Amino acid sequence: MPAKSKRAKKVAPSKRAPFHLTYATMFDPPEELHRSFETALAKVKQGLGREYPMYINGAEASAAEKFDDRSPIDTDWLLGRFQKGGAADAKAAIAAARAAFPAWSALPWQRRVRYLRAASALISRRVFEFAAVTALEVGKNRMEALGDVQEAADLIAYYCDQMEAHDGYVTAMGRDPLKGFTASNTSVLRPYGVWVVISPWNFPVALSGGPSGAALLAGNTLVMKPATDTPWVGQFLARCLLDAGLPKGVVNFVTGPGSTLGEELITNPGVDGITFTGSFDVGMHIIRGFAGGKWPRPCIAEMGGKNAVIVSRHADLDQAALGCYRSAYGLQGQKCSAASRIFVERAVKDQLTARMLALLERTNIGDPTIRENWLGPVANAAGARSYESYCAELRQAGTILFGGRRLTQGALAKGYFCAPTLVDNVPAAHRLWREEMFLPITMIAGVDSLEDAMRRANDADYGLTGGFYGNRREAEWYFDHIQAGTVYANRPQGATTGAWPGLQPFGGWKGSGSTGKSAGGLFYLPQFMREQSRTLISEK
Ligand code: NDP
């Protein structure tokens, strides 16, 4: 009798698990998702060039000076005009947040969860329009943009789940045996006060939305400052929070330069806590400055990365090449988690390189809102200039195997397009093995052993993410020895990138993060609160 062929059980469409976008599932989305994005993009493009306000104490606020926000895809596209706020606006926002704190913090935590669940749902409901704004402003492809927005919604929902799972972080403790008395001991986590969230331009939705959601759930009131490159995304997010009905003054949103408005936010004694995500230099400046206050205050700083991939001779090289390629060049290499160093055992280096080159040859680059294009421009003129100077330096130091030039032909001429670049033969002592470039440039080197690879991977001041390809025993060894907060083994979806709330807590060690507790993970939310131990004695 012929053996019965094993077939996957057919699942009627209605019973199929609904598609849930994460950075790992984004490579194969349903067709409907593309159609919805395109409809939203057309709508958003019709409204370009408007002026947008700041929001202070529940009202629109404007500044004397404005600045233009242009798309890196085509700098002729004026996306909007924004308020160039300064120190006075920062002060007003902090004062509004201070005034709103007593009532917001006194709400039962369940009410705050309800508000934040509403905000998360609103972000999800507006996901396509929000992603279109993000794609135009950052230069992300549609799937990356949708991922950024959905991640923000999921981060907030995850923190709501955590709040509920821990009963609002009110925990009965043990009782000390007192003769004639009853002792009730309780641990309560309580908010700090006014919380500032300063975010970067590369994941402007998730990296504002996540920490803002956590700060608010915890009972703090908020001042948000987006990067100067992404005020539109910031404004869209602020609108979602305000439209969710959060009371006046609880959420304040200001735009303006880090050097003026930002400085006021980080030096003002009325601020009780900060979450900063951005570069190492600015992060360390904030940590040091914030520590100079009257007393210690929490400063959660998520900073840069110089993430390495190690490839063993036992690796599946197709998976390794795909994972390295996706993490090195996705979002034009402008992820803190980007794979910027590849250490591969010499026996398989040529094969891995050939596979990566084949993928690079097939890369579509152009307006990233167009479905076919995987890579868009780098985010700003400074990035494009840095790309050129890094490439010139690397051409001297090693061999550029692919890329190494700006792309300026045809429709690309008005944007900041740069070819994805793979570099070989750079001496181990070269500074660019250790410095974050934050561009679509990756360096590869052959190594004699996995120990050699590990030594080089750990030889960096950063410790954000890491990737490994090899057998299971090697992977366990890798996890035990790599100095990084978020690590993956044998992942074709991305060697070093693609964490999702509730699945992969995301945070860095060493120069990549100040707390050792990761976003979207178990220990994140309590950082926005301080513990009060309550003992109440009553007579028996
Ligand atoms: P920056 O450090 O240049 O800026 C980040 C934010 O800080 C911006 O909003 C900026 O405002 C603000 N800022 C700058 N100077 C000051 C100041 N003196 N006082 C207060 N605020 C200030 O980073 P980028 O925006 O260029 O982002 C890229 C960096 O972020 C990379 O290093 C990347 O690795 C890191 N990053 C880290 C992540 C992580 O989770 N660890 C995730 C994503 C990115 P303005 O734009 O107005 O200057």
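Mentor: Let's start with R70, which is partly exposed at a relative accessible area of 38% (buried is under 20%, exposed is over 50%, and partly exposed is in between, with a 1.4 Å probe and protein chains only). This is a predicted model, so keep its limits in mind: local features need pLDDT of at least 70, side-chain atom pairs count only at pLDDT 80 or more, and totals for chains, interfaces and linings use all residues. Residues are numbered from 1 along each chain as its sequence is written, and side-chain values use heavy atoms, with hydrogens and water left out.

Back to R70: D68 makes a salt bridge with R70, the closest N and O atoms being 3.7 Å apart (a salt bridge needs a side-chain nitrogen of Lys or Arg within 4 Å of a carboxyl oxygen of Asp or Glu). D68 has a relative accessibility of 39%, so D68 counts as partly exposed too. R81 joins in as well, giving a salt-bridge network of D68, R70 and R81.

The structure holds 24 salt bridges. One of them pairs E31 with R371, N to O at 2.7 Å. That pair links distant parts of the chain, 340 residues apart: E31 is in helix 1 (residues 31–46), and R371 is in the loop between helix 11 (349–361) and helix 12 (381–397). Helices (H or I, at least four residues) and strands (E, at least two) are DSSP runs, numbered from the N terminus. E31 is partly exposed at 41%, and R371 is partly exposed at 36%.

Now try D424 and K349, whose side chains meet in a salt bridge at 2.8 Å, N to O. D424 is in strand 16 (residues 421–424) and K349 is in helix 11, so this pair ties together parts 75 residues apart in sequence. Here D424 is buried, with 9% relative accessibility, and K349 is buried at 14%.

Strand 20 runs parallel to strand 19 (residues 465–469), and 4 bridges join them. T465, for instance, has T486 in strand 20 as its bridge partner.

Time for some rings, back in the stretch where we began. There are 20 aromatic pairs in the structure (Phe, Tyr and Trp rings, the six-membered one for Trp, pair if their centres lie within 6.5 Å; planes under 30 degrees apart are stacked, over 60 edge-to-face, and the rest tilted). F67 and F82 make a tilted one, at 6.1 Å centre to centre with 35 degrees between the planes. F67 belongs to strand 4 (residues 66–70) and F82 to strand 5 (residues 78–83), so the pair ties together parts 15 residues apart in sequence. F67 and F82 are both buried.

Y158 and Y159 have ring centres 6.0 Å apart and planes at 65 degrees, so they are edge-to-face. Both are buried, and ring pairs link Y158, Y159, Y192, W195, Y524 and F528 into a cluster.

How values were computed: Pairing = 2+ DSSP bridges.
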